[in-house]
Amino acid sequence: MVKKVTVLDYGSGNLRSAERALARVGAEVTVTADYEAAMEADGLLVPGVGAFAACMAGLREVRGERIIARRLSAGRPVLGICVGMQILFETGVEHGVTTEGCGEWPGTVESLEAPVLPHMGWNTVKAPAGTVLFAGLDADTRFYFVHSYGVRTWELQPGPGFADPLVTWAEHGVPFVAAVENGPLMATQFHPEKSGDAGAQLLTNWLGTVG
């Protein structure tokens with residue numbers, strides 16, 4: 001059965017490359033800002049490129065934070081990519097400006113501490129046991145990153161009756177969150193749509209969770 005995926009168009013993101021990458025792995029893809037289309041799709045991909053504050057402003061213009069929250073309350077899959085992952089956290093701090101995010105996870109997006117920024121290029125990740133996104137991929141698989149900011153501390157505390165999210169880490173100067181798997185909400189700091197066959201395998205794995 002073909003999975004229908006909406007790539008949310010809120011004015012920020014590599015929309016066409018995300019569309020092509022999903023189509024490559026067999027999804028039926030629509031790129032739109034339409035509220036109902038985003039709600040009704042089997043899966044929703046939230047891209048993001050640029051500044052945290054600008055992405056949040058664009059997201060709110062299309063009621064994107066409400067789309068994400070409503071989909072998750074119904075257990076419907078959402079995948080955030082790059083800044084589309086960062087905006088899922090509580091706050092972003094860039095150039096001394098603090099911006100409220102979607103708040104799906106506690107935590108702060110802040111500058112990486114590294115000799116060279118942005119972190120641009122291929123890097124390995126450390127995925128946990130039981131991962132879905134990285135199933136079938138070797139530990140030394142590389143993914144393509146472009147960012148200067150990230151989440152350096154995972155703050156969500158485990159609670160009774162809830163499965164702990166699976167957090168994948170990478171390092172550039174300091175460790176940072178490279179991916180999260182939290183029930184229907186998943187996200188990657190790197191760009192799977194720019195990560196060749198490895199990215200295609202990850203998107204295939206994500207589509208396997210979409211129903």
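View 1. The model is predicted: local features need pLDDT of at least 70, side-chain atom pairs count only at pLDDT 80 or more, and totals for chains, interfaces and linings use all residues. Residues are numbered from 1 along each chain as its sequence is written, and side-chain values use heavy atoms, without hydrogens and water.

Of its 14 lining residues, Gly 50, Cys 82, Val 83, Val 146 and His 147 are the closest to its centre. Helix H5 (83–86) and strand S9 (142–147) each supply at least two lining residues. Helices (H or I, at least four residues) and strands (E, at least two) are DSSP runs, numbered from the N terminus.

**View 2. The largest pocket contains about 200 Å³ of space.** A pocket is an open set of points on a 1 Å grid over the protein atoms alone, with protein on both sides within 12 Å along at least five of seven lines; lining residues have an atom within 4 Å of a point. Grid points are joined across faces, edges and corners, and a volume is the space filled by probe spheres set on the points. Its lining includes Leu 156, Phe 162, Asp 164 and Glu 181. Six lining residues are nonpolar, four polar and two charged.

**View 3. The largest cavity contains about 40 Å³ of space.** In a cavity, a 1.4 Å probe fits but cannot get out. Among the lining residues are Gly 13, Pro 47, Ile 81 and His 191. Four are nonpolar, four polar and one charged.

Notes. Ala, Val, Leu, Ile, Met, Phe, Trp, Tyr, Cys and Pro count as nonpolar, Asp, Glu, Lys and Arg as charged, and the others, Gly among them, as polar.
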